[in-house]
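Take a moment with the sequence and the 3D view below. Then follow the text through the structure, one part at a time.

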Amino acid sequence: MSNALVDGNLLGIEGMTATEIEEILDLTDIFAEISQRPIPKVPALRGQTIATLFFENSTRTRLSFDTAARRLSADTMTFGAGSSSLSKGESLRDTVEVIEAYGADALIVRHPMAGTAQRIANWTDAVVINAGDGCHEHPTQALLDAYTLRQHCGNLTGLRIALVGDIDHSRVARSNVLAFTALGAKVTLVAPATLLPSSLTGWPVEVSHDLNAVLEETDVCYLLRLQHERISEGLIPSIREYVTDFGMNEKRANLLPSEAIICHPGPTNRGVEIDAVVAADPRAVILDQVANGVSVRMAVLFLLLGAGRDLIESPTAEGNK
Amino acid sequence: MSTVIHGGTIIDASGQQQADVLIGDDGRIEAVAQNLSGDHHLDASGCIVSPGFVDLHSHLREPGQEVAETIETGARGGALGGYTALVTMPNTTPTTDCAAVVEQIRTLGKNALCEIVPTAAMTIDRLGQEMAPLGELVDLGIGIFTDDGTGLQDPRLMRRIMEYSTGLSKRLGRPVILAQHCEVEALSKGGYMHEGEWSAKLGIGGQPAEAEELMVARDIALMRLTGAHMHFQHLSTAGSVELVRAAKAEGLPVTAEATTHHFSLTDAACATFDPVFKVHPPLRTDSDVTAVRQGLADGTIDAIATDHAPHTAHDKEHAFDLAPPGMLGLETAFSVALEDSGLDLPDILAVMSWQPAIIAGLNDHQGVNVQPGAAANLCVIDPDATWTVSGQAMASRSANTPYEGRTLRGRIRHTICAGEAVVVDGEAQR
């Protein structure tokens, strides 16, 4: 099945084909159904230990993975540390080897710096799932977003998606551009020039600095979180100016086609990327994204750790573990 | 005890000839002629005999970071790479910014397999705030000052140091050279690789080429103001090469070096996220690589340097952003130059031996023509031998070579340092 999954890890959307992504989304349907049951739990990963290694604070992603693991009956353990405390003394590899020694079958890694999940995968036999590495990738977010879009809009082919905001510092943007365009969507990046990557060579996207001009031709308006530190870094003059030009307010929401949807990876800055009144608009599917996140992560864990492995690799010979 | 190098082809700055070389027990060349004999015999048939290489840019980590490298191990690696002199960078602990550390390095270097030539910092502790005691250091024979590892940010202090250095040339007996690591930190801050297509794709903060070029341009402007002699270290961008080309055309007393990695590797290597490819200045683009090769070919760049920067595996086993920058170079430099510089063999020898020897002020005994009376600092190269790079197999205490697993052409067979055969048939003799 998936090339990105054949080596037993999920490190990024990079390298995945549309078919591979769609197969994960199809599998997600099963786990979405399980999540609807009165007792949303199956024994698929009983006896397996899943460790979340979060070198950066994230309540939501961790809770989502944790919930997914528990619904699959896996045991979970948690490691949280600032990356800076690791910069002296113990190396990243040392830390990973310690966690592995506790008996983890899978490592779910969140780190503030790019490439760490890939590095860790080189050092461990455990399954590695990238839960966000710096500004690089956040593949399960892209999968849950693609699933949400499929749920609301059907096929992504030809879907017009505007990704709005701090593209350059966003792993969500990088993974979503890869996933959405692989599935045939037309992606437009909408941002002030300072919040776009320094080079877009090879990115199959359009670029606009004018949100109003884009909205009428948009089926999905995907808003990214803006960090306040972008002002001290001199990337934008003020929150006020950003909100004026790129904030999703009621007036802008009315420019969207009536069947369009509004997405946000959370947590939202109310009054910055999105006004409260728009967040409450039925076209805003932010909570669907959250719910789908659990189902998608169940599918990914099942594929990489459970019977789903048989779908991506031939079973190992008896006693040849 | 005399040594004869038998059957090789000598290439030096004066040209090429087929002759044996007889080295006397005073460490000097006694004779260059056919059919010489001596107590020891070094076979050089099919090989090139060249003046030994001079590296303008080695980090040997001692004193202070001996876990990564020592003068002994670094010099051994240098000898295996054909070097007979290594110019060491002052970012030691403590910083090489005073007589005591210079003396310590020289003492440690006495028994090394290469001549060890310390440089000293331009500013105290390389902090870019106060001028180091340049006069005291010049009196010890220090001819190159650099804050390498960082560029000197403050243009006012740089101007003053440049002016001050011009007043020390008589004491040194030749122009004092200020060597700059060109990097405007206000632009490079938060960048861990070259800013461009790959950094955008990988989500790693980038250092724009302009961070280097602005400081090259600034220092060239200050050269006109002060008359100081400058050497630009590890030029990595097309724009920098062009600035130096124009400065040379203008007649300014400027020299420049390029590292082997800046003409053989690009930022695409960072896609592995392996910090073995993290280096400052960063690996650049294909067009920068082409420009560096062009700069070597047309004489804009005077020397190939290694920027040999050992780091332990433990220190590199971090996120790309956190790992220290730097890569090994001494044992691979010649082969990489032969493979990737685009230069002919005699031109490679020029930029690895006699041209850097002149910049380092060593040209009375390093990089000199192979003739009777000359100091015997030589290497014997088998240009057709191939070998496969292995960091573990290197003499360095570290293994962070970016060429791991690559099969390269050209191997150093023997190295003679001050008359002693320190490497014989690819093996260090002590």
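In what order do the 5 strands of the open sheet in chain A lie? The order is S7-S6-S5-S8-S9, and the pairing is parallel. Keep in mind that this is a predicted model. Two strands sit at the edges of the sheet: S7, residues 205–208, and S9, residues 261–263, both of chain A. Each of these edge strands pairs on one side only. Neighbouring strands of the sheet are turned against each other by 20° on average, direction ignored.

Look next at one pair of strands. Strand S6 of chain A covers residues 186–190 and runs parallel to S7(A). The two are joined by 4 bridges. Leu189(A) stands opposite Val207(A), which belongs to S7(A).

Helices pack on this sheet. Helix H6 of chain A, residues 139–153, touches strand S8 (220–223) and S9 of chain A. The direction of H6 makes about 165° with that of S9(A). Helix H7 of chain A, residues 171–182, also packs on the sheet. This helix touches strand S5 (160–164), S6, S7 and S8 of chain A. The direction of H7 makes about 175° with that of S5(A).

Chain A also has a pair of helices to look at. Two packed helices are described by the angle between their axes and the distance between the axes. Helix H2 (residues 18–36) and helix H13 (residues 286–305) of chain A pack at an angle of about 115°, with their axes 8 Å apart. The crossing of H2(A) with H13(A) is right-handed. From H2(A), the residues in this contact include Ile24(A), Leu27(A) and Phe31(A). On the H13(A) side, Val294(A), Met298(A) and Leu303(A) are among them. By class, the contact of H2(A) with H13(A) has 10 nonpolar residues, 3 polar and no charged.

Now turn to chain B. It has 13 helices and 21 strands. Its radius of gyration is 20 Å, close to the 22 Å that the globule rule gives for 430 residues, so chain B is as compact as a globular protein of that length. The C-alpha atoms of chain B fill a box of roughly 60 × 50 × 40 Å along the principal axes. Of its 430 residues, 60% count as buried. Among contacts in chain B between residues at least 6 apart in sequence, 75% join residues at least 24 apart.

Where do the chains meet? In all, 18 residues of chain B are in contact with 23 residues of chain A. Helix H7 of chain B, residues 197–202, gives the largest share of the chain B side, with 5 residues. That side of chain B has 7 nonpolar, 6 polar and 5 charged residues.

Conventions:
Residues numbered from 1 in each chain as written. Chains lettered and ligands numbered in written order. Predicted model: local features only at pLDDT ≥ 70, side-chain atom pairs only at ≥ 80, totals over all residues. Pairing = 2+ DSSP bridges. Axes fitted to C-alpha atoms, helices over the stretch in contact; angles between N-to-C directions. Contact = placed C-beta atoms within 7 Å. Nonpolar A, V, L, I, M, F, W, Y, C, P; charged D, E, K, R; others polar. Rg over C-alpha atoms; globule rule 2.2 N^0.38 Å. Buried ≥ 20, exposed ≤ 12 C-beta atoms within 10 Å, placed from the backbone. Left-handed = near helix turned anticlockwise from the far one by under 90°.
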